[in-house]
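Hi everyone, thanks for coming.

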Amino acid sequence: MASAAAFLRFWLSDRPRDTFLSYIPKEELPTFRLACHDFGVRAAPLLFNETAITFRPSTFTKPARMAALDRIGHHIQVLTFSMPHTPETFLPPILDPVTGEEVTFIYEPYTQSTRGQATRLSHPIYGSWELTDLLVKQYSPLFHAAANVPSFIRALKATPTLKHLKISCPDQEASQRYRRSIVDYALISLRIAVERSSLPLLNSLTLLSIHPGAALYLNPTMGFGARPQSIKKWKQIKNLAICMDSIPFSPYPPSDHLKLLHSYLQVFASSVRNFVFRWHGSDGLSPLSLDKEFCLQDRSPGMACPRRCHIALRPLKFEKLRTLEVENIIVDASQVSSFITAHRHTIREFNFEDTHLRNGTWDQALAPLTRISGSEKWKEKAEEVMDVPLLLSPVGLEENKVNDLVVDYFNCKPRISRPSIGAWQRAGERSRELFWGTPEHMKRFLRTSIFSWR
């Protein structure tokens, strides 16, 4: 009885219990919840805190799935919506069954709830009864599930504590970038569901391996089904991370996708505080300075929208940006300098990974730091550099003795501090000499060693 009373006191104490539950591997929590009802209740927040959904035809329409989501939805804080591009998501043209001609389909999201059979049959979902009949016969159930906006709205309303939304749509082929797929219809429905659901805690958005066209379908100002108040929900986003399939750099890259990306980032210009952007694949233009790119200003016959090429892009200015990280981009030193100067009052940290300067040097790109600080002391930030030995395995020597030799070597080896300017200047080019000196020195060392080396 004493042990049971002690366990009961421990279990009813929030902090010790939550600490204990945090150490249980997530894959073992489902089994742990089967022990008793209270175990199931206490472990549910940890188990369902991060939930991933791979979209299928019955994901948001099957009654049993929706009932389960209603039970656990209030525990979900991080939701990952995944829908990869596959042959099943490809949409062929709609053909007239009599003439064989292609039928034009102008999509308008149908957002009214269709709870009753009479209501569902009283209004055509896709504009007209003829077009609705063609789509039902020629398109797969996955398309109709992706275009079922009310089901998305109901699913998002079941997650009132959602804080972080992740969207993953990988594996789009470059040849399909100008064709709309089922994935795009699902993104439209998901965007509308976010805008029409009460998600007061939502403050983070991550787009993982997203295709360039998604910037159109996720844009609340110009996407399908957008309303004047649609942008209000996206103003809550303070942390934005985007990993987008790259648009290969060339003298005249496709400008329409870049313009869509620029317009999409403008939505978060007044709210985002932490921004991460990465091109997936080959390096591409910087999304921070697309308004200064010549290819987006010049009238070119290769552009998809020649009538709008004369409209200048508005410079991208993040009013509350504090941390910035971009990766795998090509940029001019003047563009980096202009961006730092424009955000000097708010930005505290920025990181340019795998960034290649098209024109200029990093000293020119980071010159605003000297003007802002009034000196060049920021260049004196020390970076620890140590010699790394090439330790070969001796034959017949015990492992603990080898470890002692390594520890003794590092204890007597002095450390060297070299000036650095962060991620843009690294240690010198003497990498070979860091491995026990020059090649000749290595040969002499191995020949005179008392051990047999292999």
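The second largest cavity has a volume of about 40 Å³. By cavity I mean a set of points, on a 1 Å grid over the protein atoms alone, where a 1.4 Å probe fits but cannot get out, and lining residues have an atom within 4 Å of a point. The volume is the space filled by probe spheres set on the points, with grid points joined across faces, edges and corners. Keep in mind that this is a predicted model, where local features need pLDDT of at least 70, side-chain atom pairs count only at pLDDT 80 or more, and totals for chains, interfaces and linings use all residues. Residues are numbered from 1 along each chain as its sequence is written, and side-chain values use heavy atoms, leaving out hydrogens and water.

So what lines the second largest cavity? You'll find Ser 286, Leu 288, Ser 289, Val 331, Gln 335, Val 336, Phe 339 and Phe 352 there. Helix α14, residues 333–342, gives the largest share of that lining, 3 residues. Helices here are DSSP runs of H or I with at least four residues, strands are runs of E with at least two, and both are numbered from the N terminus. By class, this lining has 5 nonpolar, 3 polar and no charged residues. Nonpolar covers Ala, Val, Leu, Ile, Met, Phe, Trp, Tyr, Cys and Pro; charged is Asp, Glu, Lys and Arg; the others, Gly among them, are polar.

How many cavities of 30 Å³ or more turn up in the whole structure? The search finds 3. The largest cavity holds about 60 Å³ of space. Around the largest cavity sit Ile 53, Phe 60, Leu 69, Leu 79, Phe 81, Ala 155, Leu 156, Thr 159 and Leu 190.

Who touches whom? Val 149, Phe 152, Ile 153 and Leu 156 in α9 meet Ala 186, Ser 189, Leu 190, Ile 192, Ala 193 and Val 194 in α10, where contact means heavy atoms within 4.5 Å. That contact has 9 nonpolar, 1 polar and no charged residues.

Key: 1 Å grid on protein atoms, 1.4 Å probe; cavity = no way out; pocket = protein on both sides within 12 Å on 5 of 7 lines; lining within 4 Å.
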